[in-house]
Structures are given as C-alpha cells and as structure tokens.
Amino acid sequence: MKIGIPRALIYWKRPIFWENFFENLQFEVILSPKTNKKIVEEGVKISDPETCFSNKVYFGHLKWLDEKCDFIFVPRLKTNKEKLEYCPKFFGLPDLAKAFLKTKILTQEFDEKKEKFEKSLLKLGKKLRKNKKEISKAFKIAKEKEKIFLKEKERETLKKLTSNSFKIVLISHPYNLFDDYVNLRIAQRIKNLGALPIFLENIRAENTNLDLWPKFHWEFGKEIAQKIETILKYEISGAIQISSFACGCDAVLKEFVEKRFKKEKIPFLYLIIDEHTGEAGFQTRIEAFLDTIKI
Amino acid sequence: MKITFPYWGNYTIAFEKLAKKLGLEVVPPEKTTPLTIEKGAKIAPEMYCFPLKVNLGNFLEAIEKGADTSVMATARGGSCRLRYYAIVEDKILKDEGKKVNFVIFDQSPLDIYSKLKKISGASFFQFLNSALFTLKTISIIEKLEKRAQFLRPREKEKGETDRFLNSAFRRLRKIEKFFDLLKFEREILKEMAQIKYERKEVPKVGIVGEIYTVTDHSINFEIERKLGNLGIEVHREMSLFYHLKKKIFPWIDWKIQRKIKNYLGSTVGGHGRDAIYEMLKYVKEDFDGVIQLLPAMCMPETTVRPILEKIHQETGIPFLSLSIDEQVAEAGLNTRIEAFVDVVKNYYGKKKN
C-alpha cells in the first residue's frame with residue numbers, strides 16, 4: 001500500500017519523522033517532489049484566493065499526489081505538547097483536502113489538550129490495521145532518527161553562531177525556511193553576498209524570560225519568541241523575517257519581532273513572499289539591506 | 001477618565017448605554033465612514049484583518065474628541081487573531097504617539113465584571129441593573145432589525161421601513177430608565193406593525209459569515225437594505241445575542257459540530273463552523289441563495305469558503321462570497337449584488353414552476 005505525504009507546510013514541522021514512521025510500518029511512502037513552478041500553479045488554481053501562500057503550495061503538493069497513491073496523509077494538528085495551538089488554518093486541512101481530491105485521505109487528530117501524542121498515533125496505526133507493538137516500535141525508531149537529525153542541525157548552527165563571520169538570522173516558519181523554491185533561495189543569495197545565513201528554526205529553544213512578548217497561544221509564537229531571545233545572546237549583524245502573503249499569524253508576530261530587534265538596535269528587514277514575487281526585486285532588497293549594515 | 005470603544009453597528013447604542021449606566025464618562029464612537037477606514041488603514045499593519053483597521057480608525061476619531069481610555073473585548077477561546085487585537089492596537093497607537101490606555105476584557109462575564117468594577121467603582125446592584133438594561137436594548141435592536149428584514153421587500157411605500165428604523169434608533173438612544181425601555185418596546189413594535197405592506201411571497205436569501213462584517217451595516221455597505229430594496233427577504237442567524245448564547249452554553253457548539261461533521265471535522269477558529277451550519281440550514285429550509293460576508297483574509301472564513309462552495313455545487317443553491325476591505329468600492333459591490341439578485345430571482349422562478 002502506498003501512502004503519500006506532501007512535502008510542504010506541516011511536513012516541515014517534523015521532517016523525516018512521518019516518512020520514517022510509515023516506512024517502519026512496512027508501507028511504501030511517496031513524498032511529493034520539492035516545490036516547483038508547476039506545483040505552485042496547480043495549488044493557486046484550486047485553493048481559495050485569499051488563503052495564505054503556504055496553504056496554496058500545500059494544496060499544489062496534494063494535487064501532485066492525487067491518484068498516485070492509495071492514501072494521502074493529512075494530519076489534523078491542533079495542539080502540541082505544551083498545549084499551545086497550531087495555526088487555525090491547519091485545523092481544516094483534512095476536510096479541505098477531501099473536498100479537493102479524489103484519493104482517500106488518511107487523517108488523525110493530534111490534540112494534546114485531550115490526549116497524548118502516542119495515543120493519537122496508536123489510533124492512526126489502528127486505522128492502518130497494525131497492532132500496538134508494531135506501532136510503538138515504528139514510533140521509537142522514527143523518533144530516534146529525528147533526534148539524531150535535529151542534534152546534527154543544532155550542532156552545526158551553534159558552530160555558525162559562534163564563528164566570527166557576518167551573521168544574518170532568518171526568521172520564519174519552517175515551511176518557508178526549508179523550502180528553497182518558496183523562499184527564492186534566500187540563504188544562497190545571502191551567502192553569495194558574503195554573509196552567513198542562520199535559520200532560526202535550527203536553534204535550540206531555551207527557556208528564557210519572555211517578559212517583552214505578549215502571551216502567545218500559538219506554538220510557533222512562543223517558539224519563535226524563545227529562539228529570538230536565545231539568539232540575541234550572540235552577536236548578530238541583522239535579521240530578516242520572511243512571511244508568506246496573507247499569513248494571518250505573521251501579521252501579529254511581525255509587530256513584536258520587529259519591536260524586539262529595534263530595541264536591541266539590530267537592523268531588521270521584512271519580506272513578503274507569494275506566487276508573484278519577482279526574483280530581481282527580491283535580490284535588490286536583500287542587497288540594499290546588507291549594504292546598509294556593512295557601512 | 002473618558003472611555004471609548006469601537007463602533008459596532010446599531011449595538012453601539014447598547015454599549016454606550018452600558019457605560020453611561022455604570023457612571024463612566026464616555027465618548028461614543030462616530031459612525032464608521034470611508035474616511036475612518038482610510039485613517040485606520042494608514043497606520044495598521046498591512047496584512048492584519050480588516051476589522052482591526054476599522055477599530056483603529058474609530059479610536060483615532062474618539063481620541064481627537066478627548067477620549068483617553070479604550071475598551072476592547074478580545075476572545076479568550078478563539079483561535080484566530082482576535083485575541084491579539086487589543087495588544088496590537090495598543091502598540092500601534094502608542095507608536096503613533098497617542099496617549100491612550102487600554103482596558104482589555106476576556107470574553108468571560110467574571111473578567112468583564114471585575115475589570116469594569118475597577119474602572120467604574122459601581123456597586124453590584126448597579127451592575128446587574130445596567131447589564132439587564134444593555135441586554136434588553138440589544139434584544140430590542142435585534143427585534144427591530146429582524147422585522148425590517150421581513151418588511152423591506154414587501155413595503156408599499158419604498159423606504160418607509162428604513163425611515164422608521166432610523167427614527168426608532170434615535171428614540172432608543174434617548175431612553176434612560178428600564179421601565180421606559182419596556183414601554184418603548186411595546187410602543188415601537190405596535191408602530192412598526194402599522195407600516196403597510198403587501199402579503200406576498202418573495203425570494204429569501206440567507207447571510208452567513210463573520211459576525212462583525214455581517215452585523216455592522218456601516219462597513220458592509222448596508223447590504224441588508226440593498227437586498228431588501230431589490231425585493232429579497234434577508235435572513236441572518238448571526239447576531240450578538242447568538243454569540244453570547246454560545247459563550248454561555250457550550251453545548252450549542254457540540255450540536256453544530258455533529259450536524260456538519262461530513263464537511264468539517266473540527267473548529268477552525270472564529271465562527272467558521274457556524275457558517276457551514278447556517279448554510280446547510282438555509283439549504284434545508286429551501287432558501288433561494290446564500291451570501292457569505294467576510295473581512296478580507298479572515299482566517300476562519302477563508303478556510304471554510306471552499307467547503308461552502310462545495311455545498312453550493314452539490315445543492316445548486318446560488319452562492320456569493322463578498323470579502324470586504326478598505327479597497328472595496330461601493331459601485332463594484334452594487335453590481336455584484338444586483339447580478340446575484342438576478343440569479344436568485346431566476347432560481348426562485350424556476351423552483352416555483
């Protein structure tokens with residue numbers, strides 16, 4: 001049996017975990033390819049015109065997987081371990097996927113306000129006719145692999161942070177940072193201009209004092225706040241926040257992120273990406289930003 | 001201390017009454033005009049949803065008139081951006097150099113009570129009294145609006161209902177005592193019954209969507225009046241009372257969830273679920289069209305819109321979605337409404353034959 005996983009949006013919240021989990025349960029996993037122009041165009045065509053760009057990309061990936069596999073996995077992520085909510089647009093993803101696609105949707109609600117992650121995972125496995133032993137084994141192996149993967153990334157980032165080069169922090173959601181097509185290869189562009197890009201996502205969040213931030217009920221709100229507080233302990237030359245167009249959560253977040261960096265007198269640039277973003281304009285803005293810092 | 005609050009359609013009268021009854025000095029917000037929206041949109045974050053821009057415009061106008069404290073209720077249970085309205089507004093107004101304090105309520109009776117008590121110093125009895133007065137006022141406003149929706153397409157003399165409604169609200173604003181309010185309700189309903197109308201069947205259209213855009217006629221370009229004058233009877237489930245009822249009795253939400261489970265398996269924040277529930281209800285009651293109103297980029301409503309469109313495709317009921325923001329022009333909106341009304345009348349005619 002083939003299970004399709006779209007490589008966009010919620011996939012990047014736990015990359016490698018889901019495909020590993022299903023592979024350990026002896027399923028064939030089809031991961032949609034990296035985002036390309038065609039996928040984005042497909043997504044824009046089927047999704048609501050006013051939903052955010054990241055959602056449109058996700059639907060493009062779903063459309064690519066449609067009729068290529070037996071099931072497409074679209075979890076309903078509601079709250080995380082700390083009982084903080086995910087973006088409300090994630091709540092409706094399985095239902096929207098059902099409305100758009102012909103392939104069956106495999107879904108499971110992950111609401112840790114109500115039940116633990118492991119328990120929800122067990123329910124998901126039961127839907128696939130697997131027993132408890134197999135499921136917990138698959139979960140353990142996947143988790144172990146994810147841990148090693150994350151540690152490696154954190155170690156690398158720490159090395160970058162302590163180096164002496166010209167450092168620029170990139171602040172965004174993982175689905176904007178790790179998707180090279182969506183963010184127009186911003187990391188490469190910064191590297192080419194002689195600076196060192198650092199992904200905020202790869203930093204380990206420390207339990208820091210969050211007095212300067214409002215109390216977020218969104219998991220990424222708290223996470224980004226904590227990571228920014230952590231990164232401010234190191235010396236940083238500038239910060240760039242990337243938002244996908246029409247992202248409701250970033251409209252709130254940006255106000256406070258900008259305020260925080262202004263308070264530390266660190267130069268801050270805000271970039272909005274969408275399906276019409278031109279490469280030339282993007283490049284010019286980054287160049288101008290780096291030039292102002294270097295002076 | 002002079003308090004102010006955002007303008008919210010005809011409900012503004014009720015909130016003004018609440019503040020006055022509690023002995024607070026209040027600067028009532030001016031009616032929202034395109035200029036208000038322009039002022040608000042100028043300083044608001046570009047990607048924030050539309051109601052925040054309107055609220056900021058209202059606050060700016062009230063501050064010019066001498067208000068120094070803004071009162072704003074934000075949702076506690078909701079998942080959408082409404083939670084951060086007050087914090088963001090506070091930050092933006094301070095960045096603009098305005099001297100203004102914010103009193104922020106959660107939408108829970110206890111929190112509202114304790115915070116209002118702190119700023120007004122009113123006694124418990126006074127609270128009970130003013131809460132009762134406010135709720136009664138809201139109920140009268142909703143009764144009048146509901147009756148007007150029925151009368152508009154049928155009235156013999158065009159525009160009489162709206163003229164009557166305007167004078168009724170003007171009179172309601174002057175009432176001070178609870179006893180007078182009860183008397184006013186009796187009188188006004190009697191007077192309204194005297195408006196002459198033809199007894200005939202007309203096409204019916206249901207309005208669903210985000211509560212603020214649906215109920216505030218100053219930002220939705222009086223869509224109910226427009227539809228009424230074009231010969232359509234408008235129905236609207238969403239109202240402040242409906243919202244309050246849902247806050248007090250959570251099982252209403254569970255019931256709604258059960259009814260829509262084939263379309264949506266969970267809440268999406270705000271009133272997303274209600275839109276689907278209401279649309280299904282209108283389909284069941286054999287309505288001739290559904291209009292969804294939403295502020296542009298509203299997170300819950302844009303999430304449910306593809307599902308509403310799916311219902312529209314399955315059942316064939318005419319459906320129009322209007323997203324409203326500072327760039328919407330009235331002329332363009334009129335054209336769309338008129339075209340939609342033609343579709344509705346066609347559908348109605350076909351059904352009759």
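Mentor: First, axes: each is a line fitted to C-alpha atoms, for helices over the stretch in contact, and angles run from 0 to 180 degrees between N-to-C directions. This is a predicted model, where local features need pLDDT of at least 70 and side-chain atom pairs count only at pLDDT 80 or more, while totals for chains, interfaces and linings use all residues. Residues are numbered from 1 along each chain as its sequence is written, while chains are lettered from A and ligands numbered from 1 in the order in which they are written.

Trainee: At what angle do helix α5 of chain A and helix α14 of chain B pack?

Mentor: Helix α5 (residues 93-100) of chain A and helix α14 (residues 299-315) of chain B make an angle of about 35°, and their axes are 10 Å apart. Helices (H or I, at least four residues) and strands (E, at least two) are DSSP runs, numbered from the N terminus.

Trainee: Which residues in α5(A) and α14(B) meet?

Mentor: D95(A), L96(A) and A99(A) meet P306(B), I307(B) and K310(B). Being in contact takes C-beta atoms, placed from the backbone, that lie within 7 Å. Ala, Val, Leu, Ile, Met, Phe, Trp, Tyr, Cys and Pro count as nonpolar, Asp, Glu, Lys and Arg as charged, and the others, Gly among them, as polar.

Trainee: And how many residues of chain A are in contact with chain B?

Mentor: On chain A, 25 residues are in contact with 31 residues of chain B. The largest share of chain A's side, 6 residues, comes from α11(A). That side divides into 10 nonpolar, 4 polar and 11 charged residues.

Trainee: What makes I72(A) count as buried?

Mentor: The rule says buried if 20 or more other C-beta atoms lie within 10 Å of a residue's own, exposed if 12 or fewer, and partly exposed in between, with C-beta atoms placed from the backbone. I72(A) has 27 such neighbours, so it counts as buried. I72(A) is found in strand β3 (residues 71-73) of chain A, and among the residues it touches are G4(A), L62(A) and L101(A). Across chain A, 44% of the 295 residues count as buried.

Trainee: How do you know whether chain A agrees with a compact globule?

Mentor: Check the radius of gyration, taken over C-alpha atoms, against the globule rule: 2.2 Å times the number of residues to the power 0.38. With 295 residues the rule gives a value near 19 Å, and chain A has 20 Å, so chain A agrees. Its C-alpha atoms fill a box of roughly 60 × 40 × 30 Å along the principal axes. Chain A comes to 12 helices and 10 strands.

Notes
Two residues are in contact if their C-beta atoms, placed from the backbone, lie within 7 Å. Lists of a residue's contacts leave out its neighbours within four places in sequence.
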